Amino acid sequence: MKRFIKTLLHNLLLAFLAFIWLVPIVWLVVTSFSAYTGMNTSTFFPKEWSLVNYKNLLFSADSVAQFPNWFKNTFIIACVVCVISTAFVLMVAYATSCMRFPARKPLMNAAVIVNLFPGVLSMIAVYFILKTLNLTNTHLGLILVYSAGSGLGYLIAKGFFDTIPNSLREAAYLDGASEATIFWKVVIPMSRPIIVYTVISSFLSPWMDFVYAKLLLNSGISSQWTVAIGLYNMLDKSLINTYFGQFCAGGVLVSIPISVLFVIMQKFYVEGITGGAVKG
């Protein structure tokens, strides 16, 4: 009976926390289907349901709401960063896990120490460096910022590579394989979970980032913005009563690709996290 009561209280607590967490998400979704385009806090569920917010957002672009352009910009940046960052992370993880060279451990320790500091501390320095190179207000500048330090996030991938038996690589060495051959034909085919984890993590960073995007894309040309900047701009006090419904619709649309990706890749994503946590 004592164990039953403890389990019941535990489940009730989890249900209560889940309810609190889901309330704003449900409100965002139902508000996006409201026939009212502004903010309505008088009722939780809209009195009139409509797809007008989605229609205006996708097919009636104006000087304020240019969601198709924002989505395209963000998707291109995220895909390019995903490819570059994934390559950097996997190569650094392989080098630190499977290769032995001078200063290996000091470099690993330095990477861990650097990761202790939040990236926003370098914002001003990064901005002036890119401004000197005329890369502000360009998507290339954002891609460089997101990709440049991605190799420092190698620890989880390294932990996964540590679980791959050394005997496989040693057998490949005996057959005359080079490090590149071992990496591509032995290690990578066995590392699908950590590759999926790395790809999703690399894609999410530019997809959801607001700080660096707002800092670098500051020309005021809305067609160059990413989704995060564009949706945030809709919350301006002079626009919120007209565009809040479209803001909610945009929030729903932005979450769909990531949600689908997580559902499809959940198994490999979890395996990548747990596998990478075995050894450090």
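The lining of the largest cavity comprises six nonpolar, five polar and no charged residues, where Ala, Val, Leu, Ile, Met, Phe, Trp, Tyr, Cys and Pro count as nonpolar, Asp, Glu, Lys and Arg as charged, and the others, Gly among them, as polar. Residues are numbered from 1 along each chain as its sequence is written, and side-chain values use heavy atoms, with hydrogens and water left out.

Cavities and pockets were defined on a 1 Å grid over the protein atoms alone, a cavity being a set of points where a 1.4 Å probe fits but cannot get out, and a pocket an open set with protein on both sides within 12 Å along at least five of seven lines; lining residues have an atom within 4 Å of a point. Grid points are joined across faces, edges and corners, and a volume is the space filled by probe spheres set on the points. One cavity of 30 Å³ or more was found by this rule, and the volume of the largest cavity is about 70 Å³. Its lining is formed by W27, V30, T31, S34, Y36, G38, N40, T43, F44, F45 and P46.

The largest pocket has a volume of about 950 Å³ and a lining of 33 residues, with N115, Y146, G149, S150 and S205 nearest its centre. Two or more lining residues come from each of α3 (67-98), α4 (104-115), α5 (123-132), α6 (139-148), α7 (155-162), α10 (192-208) and α11 (211-216), helices being DSSP runs (H or I, at least four residues) numbered from the N terminus. The most is given by α10, with six residues, and by class the lining of the largest pocket holds 21 nonpolar, eleven polar and one charged. The second largest pocket, of about 180 Å³, is lined by W21, P24, I25, W27, L28, V29, G251, V252 and S255. Both α1 (2-32) and α13 (240-276) supply at least two residues of this lining, the largest share, six residues, coming from α1.

Neighbours within four places in sequence aside, Y212 is in contact (heavy atoms within 4.5 Å) with G119, V120, S122, M123, V126, L142, V145 and Y146.

In the loop between α2 and α3, V64 is buried, with a relative accessible area of 14%. Beyond four places in sequence, V64 is in contact with W70, N233, L239 and Y243.

The mean pLDDT (the predictor's confidence in each residue, from 0 to 100) of the protein is 85, and 95% of its residues reach 70 or more. Confidence is highest in α3, at a mean of 91, and lowest in α13, at 77. Over residues 276-280 pLDDT stays under 50, and the model has nine contacts beyond four places in sequence for these residues. Where pLDDT is low, predicted coordinates should not be read in detail.

Notes
Predicted model: local features only at pLDDT ≥ 70, side-chain atom pairs only at ≥ 80, totals over all residues. Buried < 20%, exposed > 50% of the residue type's maximum accessible area, 1.4 Å probe, protein only.
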